[in-house]
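Let's take a walk through this structure together.

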Amino acid sequence: KSVTNFLAKSVQTIHHFMQKSNDNGVSLGTSIMAVVFDGGVVMGADSRTTTGSYISNRFSDKITPVHHRIYCCRSGSAADTQAISDYVTYFLDMHSTELGELPQVRTAAKLFQQLCYNNKDNLSAAILCAGWDKHNGGSIYSIPLGGALAKLPYGISGSGSVFIYGYCDAHYKDNMTRQEAISFVTNALSLAMSRDGSSGGLIRLAIIEEKGVERRVIPGDALPTFFEG
């Protein structure tokens with residue numbers, strides 16, 4: 001009940017700040033991914049940001065921390081997703097202080113969902129929220145355009161995701177090891193980046209476990225290569 005009241009107050013506080021996004025603004029036009037393994041979660045994203053057909057940033061970081069062991073992968077409007085993640089970070093900090101412990105991943109995901117759903121006509125934002133908490137271990141929640149919420153064993157989103165659904169379905173398995181999950185995410189994103197013109201650059205990874213978060217960068221010349229026709 002306290003979490004529900006907290007979320008309701010948070011949404012009411014920020015609802016009137018959300019304005020209609022600019023259709024010609026900066027887009028993350030992206031490939032993002034997260035997968036659960038036996039000790040946590042691996043999150044990954046490409047680094048290309050576009051403004052229409054112009055590549056405005058080749059090295060952007062689309063994996064954003066919202067708390068110590070909770071991160072989000074952002075796709076859609078860069079301005080919208082940055083604003084949403086800033087609000088979630090702010091309210092999670094207050095919530096954590098009130099609880100006296102680290103927040104649950106599902107609380108962060110529910111915050112994202114409330115913000116996206118209540119402002120669905122004004123926002124262009126699709127979020128993967130993932131992390132580790134002591135109650136549920138590693139978990140992933142997908143918040144697509146429109147503000148739905150789904151808990152998943154792995155999630156993909158962004159313009160590049162349409163090219164890799166078959167690959168992910170064929171290669172995903174339960175209870176992956178840490179290295180298997182890293183390889184799965186790296187290979188899938190490399191395939192998406194090779195086919196999607198709005199994805200590219202390098203791959204950024206976040207490996208989230210009970211002991212903390214490890215960040216990795218895989219440069220473009222070190223990415224796995226596949227047949228490209």
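A crossing is called left-handed if the near helix is turned anticlockwise from the far one by less than a right angle, and right-handed if clockwise. By that rule, H2 passes H3 in a right-handed crossing. Bear in mind that this is a predicted model, where local features need pLDDT of at least 70, side-chain atom pairs count only at pLDDT 80 or more, and totals for chains, interfaces and linings use all residues. Residues are numbered from 1 along each chain as its sequence is written, and side-chain values use heavy atoms, with hydrogens and water left out.

Stepping back, the chain has 5 helices and 12 strands; these are DSSP runs numbered from the N terminus, with helices being H or I of at least four residues and strands E of at least two. Of its 229 residues, 51% are buried, meaning under 20% relative accessible area with a 1.4 Å probe, protein chains only.

Now back to that helix pair. The axes of H2 (residues 78–99) and H3 (residues 105–118) come within 10 Å and cross at roughly 135 degrees; axes are lines fitted to C-alpha atoms over the stretch in contact, and angles run from 0 to 180 degrees between N-to-C directions. Which residues of H2 meet H3? They are Ile84, Ser85, Tyr87, Val88, Phe91, Leu92 and His95, and on the H3 side you'll find Thr107, Ala108, Leu111, Phe112, Leu115 and Cys116.

Finally, look at Thr186 in helix H5 (residues 178–195). Thr186 is buried, at 7% relative accessible area. Beyond its neighbours within four places in sequence, Thr186 is in contact (heavy atoms within 4.5 Å) with Ile203, Leu205, Ile218 and Pro224.

Conventions: Buried < 20%, exposed > 50% of the residue type's maximum accessible area, 1.4 Å probe, protein only.
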